[in-house]
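Please read them with the structure open.

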Amino acid sequence: MKTSLTNTMSTLFQIWIIFTSLVSYALPEKKVCQGVTNRFSLLGSKEDHYLNMVKTYSNCTVVLENLEVTYMEDDHDLSFLRSIQEVGGYVLIALNTANRIPLDNLRIIRGHTLYDSGFALVVVLNYNKSMRAGTTELPLTSLTEILKGGVKFSDNQLCNVETIQWLDIVNSNSKPNMQLPEHSNNRLCKELLLEHKHCVT
């Protein structure tokens, strides 16, 4: 009887080991990073600033505090931003001239801390008039929830962000402050739309 019980316990333990191994294999490990609160501050040169961003967010899945994407230029490789899925604080995207900010996998902004006490997502000043350069693509195709705080867009030349149903994403019960994007007259947006239609057909 004792031997049978021991064998059963041993078998159950082996099954548990196999199960936990399969679960850990199936669920990719989330890497947590702290995030920053620099706002519009430039950390050294623009290259220093970029390298600091790469160091802060590389391979990061969950940002505990704030995600700030600032001063990014076209020659910067921003693919490291694709791993980010969750942000605990706010998201600030400002003063960039990089054509594309790839936040394709960002799913949720929790808004534990808010920008200017009201905004969970702030996208401002991403067009340099003197250079005639700026960010046109901000793919937020996975973003489904902003738990607390509103949305602010200002002084951009972004394509298609006005088509996002922002009121379905924010928590409307909290009556968030909403400064929604307007339709862009940027000719590049028309070119992108034509290119997309060509790819689809």
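1. In which loop is the place of Y71? This is a predicted model, and in it Y71 sits in the loop between strand 3 and strand 4 (86-87). Its phi is positive, about 60 degrees, although Y71 is not a glycine. Y71 counts as buried because its relative accessibility is 16%, and the cut-off for buried is under 20%.

2. R39 is another residue with a positive phi, about 55 degrees, that is not a glycine. R39 belongs to the loop between strand 1 and helix 2. Its relative accessibility is 30%, so R39 counts as partly exposed. R39 is also one of the residues that line the largest cavity, to which point 7 returns.

3. For the overall setting, the protein has four helices and 12 strands. Of its 201 residues, 38% are buried. Taking contacts between residues at least 6 apart in sequence, 67% join residues at least 24 apart.

4. The length of helix 2 (residues 46-57) can be checked against its residue count. With 12 residues at 1.5 Å a residue, the helix should span 16 Å; the C-alpha atoms at its ends are 17 Å apart, which agrees. After helix 2 comes N59, which has a positive phi near 60 degrees.

5. Which residues of helix 2 are buried? They are H49, Y50, M53 and Y57. Viewed down the helix axis, the buried residues fall within an arc of 100 degrees, and therefore line one face of helix 2. The cover over these buried residues includes strand 1 (32-33), strand 2 (62-63) and strand 3 (67-70).

6. K46 is also in helix 2. K46 is partly exposed, since its relative accessible area is 37%. Setting aside neighbours within four places in sequence, the contacts of K46 are with Y71, E73 and H76. K46 and T70 are 24 residues apart in sequence, and their C-alpha atoms are 9.5 Å apart in space.

7. How many cavities of 30 Å³ or more does a search of the whole structure find? The search finds one. The largest cavity holds about 80 Å³ of space. Its lining consists of V36, N38, R39, S41, L43, H49, N52, M53, T56, Y57, E68 and T70. By class, the lining residues are four nonpolar, six polar and two charged.

8. Which element gives the most to the lining of the largest cavity? Helix 2 does, with five residues. Helix 2 and strand 3 each supply at least two residues of this lining. Among the lining residues are H49, M53 and Y57, which are also among the buried residues of helix 2. T70, whose C-alpha distance to K46 is 9.5 Å, is in the lining as well.

Technical notes
Residues are numbered from 1 along each chain as its sequence is written. This is a predicted model: local features need pLDDT of at least 70, side-chain atom pairs count only at pLDDT 80 or more; totals for chains, interfaces and linings use all residues. Side-chain values use heavy atoms; hydrogens and water are left out. The expected span of a helix is 1.5 Å times one less than its number of residues. Buried means under 20% relative accessible area, exposed over 50%, partly exposed in between (1.4 Å probe, protein chains only). The arc is that of the directions from the helix axis to the C-beta atoms. Contact means heavy atoms within 4.5 Å. On a 1 Å grid over the protein atoms alone, a cavity is a set of points where a 1.4 Å probe fits but cannot get out, and a pocket is an open set with protein on both sides within 12 Å along at least five of seven lines; lining residues have an atom within 4 Å of a point. Grid points are joined across faces, edges and corners, and a volume is the space filled by probe spheres set on the points. Ala, Val, Leu, Ile, Met, Phe, Trp, Tyr, Cys and Pro count as nonpolar, Asp, Glu, Lys and Arg as charged, and the others, Gly among them, as polar.
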